[in-house]
Amino acid sequence: EVRLVESGGGLVPAGGFLRLSCAASGFTLDDYAIGWFRQAPGKEREGVACISRSDASASYGSFVKGRFIISSDNAKNTVYLEMNSLKPEDTAVYYCARDSHCSANGWNSWGQGTQVTVSS
């Protein structure tokens, strides 16, 4: 069974740090791109970052501005999102999903999400 499970969210003050994890099972990261997305109350879902080991690429949403780093550990079949200099506007539920490439638009196998709350 293909499954993605997010963890690592929490409540942090502005300027703080969190590392989110997306644990994959039922497939290997080498064959897919993994994307992080977020959705805040009343707002549309937006892409945060994506990593694709097949072409060794990583990309970020324009709002990230060097604050976040996406990485993967194939031994653990897990993708991480390190978030630095967090702002209150980063508050959202963060999800991970998989697709064939970062530029594709067929994201699937969504996880349940992890809540990130940044206090001002």
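The points below take up the overall fold, the surface and the disulfides.

1. The model is a predicted one, and its secondary structure comprises 10 strands and 0 helices, so that from the N terminus on the elements run β-β-β-β-β-β-β-β-β-β.

2. On overall dimensions, the radius of gyration of the protein is 13 Å, which agrees with the value near 14 Å that a compact globule of 120 residues would have. The C-alpha trace spans about 40 × 30 × 25 Å along its principal axes.

3. Buried residues account for 42% of the 120 residues, and, of the contacts between residues at least 6 apart in sequence, 55% join residues at least 24 apart.

4. The protein exposes about 6,100 Å², of which carbon and sulfur atoms supply 47%. It carries 11 positive and 12 negative side chains, with the centres of the two sets 5 Å apart.

5. Of the 2 disulfides in the structure, one joins Cys22 to Cys96 at an S to S distance of 2.1 Å. Because Cys22 lies in strand β3 (residues 18–25) and Cys96 in strand β9 (residues 92–99), this pair ties together parts that are 74 residues apart in sequence. Both Cys22 and Cys96 are buried, and the torsion about their S-S bond is about 80 degrees, so the link is right-handed.

6. Another disulfide joins Cys50 to Cys102, with S to S 2.0 Å. Since Cys50 lies in strand β5 (residues 46–52) and Cys102 in the loop between β9 and β10 (114–119), the pair ties together parts that are 52 residues apart in sequence. The link of Cys50 and Cys102 is left-handed, with -90 degrees about the S-S bond, and Cys50 is buried, its relative accessible area being 4%.

7. With the bonded cysteines numbered in sequence order, the pairing is 1-3, 2-4.

Terms used
Residues are numbered from 1 along each chain as its sequence is written. This is a predicted model: local features need pLDDT of at least 70, side-chain atom pairs count only at pLDDT 80 or more; totals for chains, interfaces and linings use all residues. Side-chain values use heavy atoms; hydrogens and water are left out. Helices (H or I, at least four residues) and strands (E, at least two) are DSSP runs, numbered from the N terminus. The radius of gyration is taken over C-alpha atoms; the globule rule is 2.2 Å times the number of residues to the power 0.38. Buried means under 20% relative accessible area, exposed over 50%, partly exposed in between (1.4 Å probe, protein chains only). Contact means heavy atoms within 4.5 Å. Accessible areas come from the Shrake-Rupley method with a 1.4 Å probe; for residues, only the protein chains shown count as cover. Lys and Arg count as positive and Asp and Glu as negative; His and the chain ends are not counted. The place of a charge is taken as NZ of Lys, CZ of Arg, CG of Asp or CD of Glu. A disulfide is a pair of cysteine sulfur atoms within 2.5 Å.
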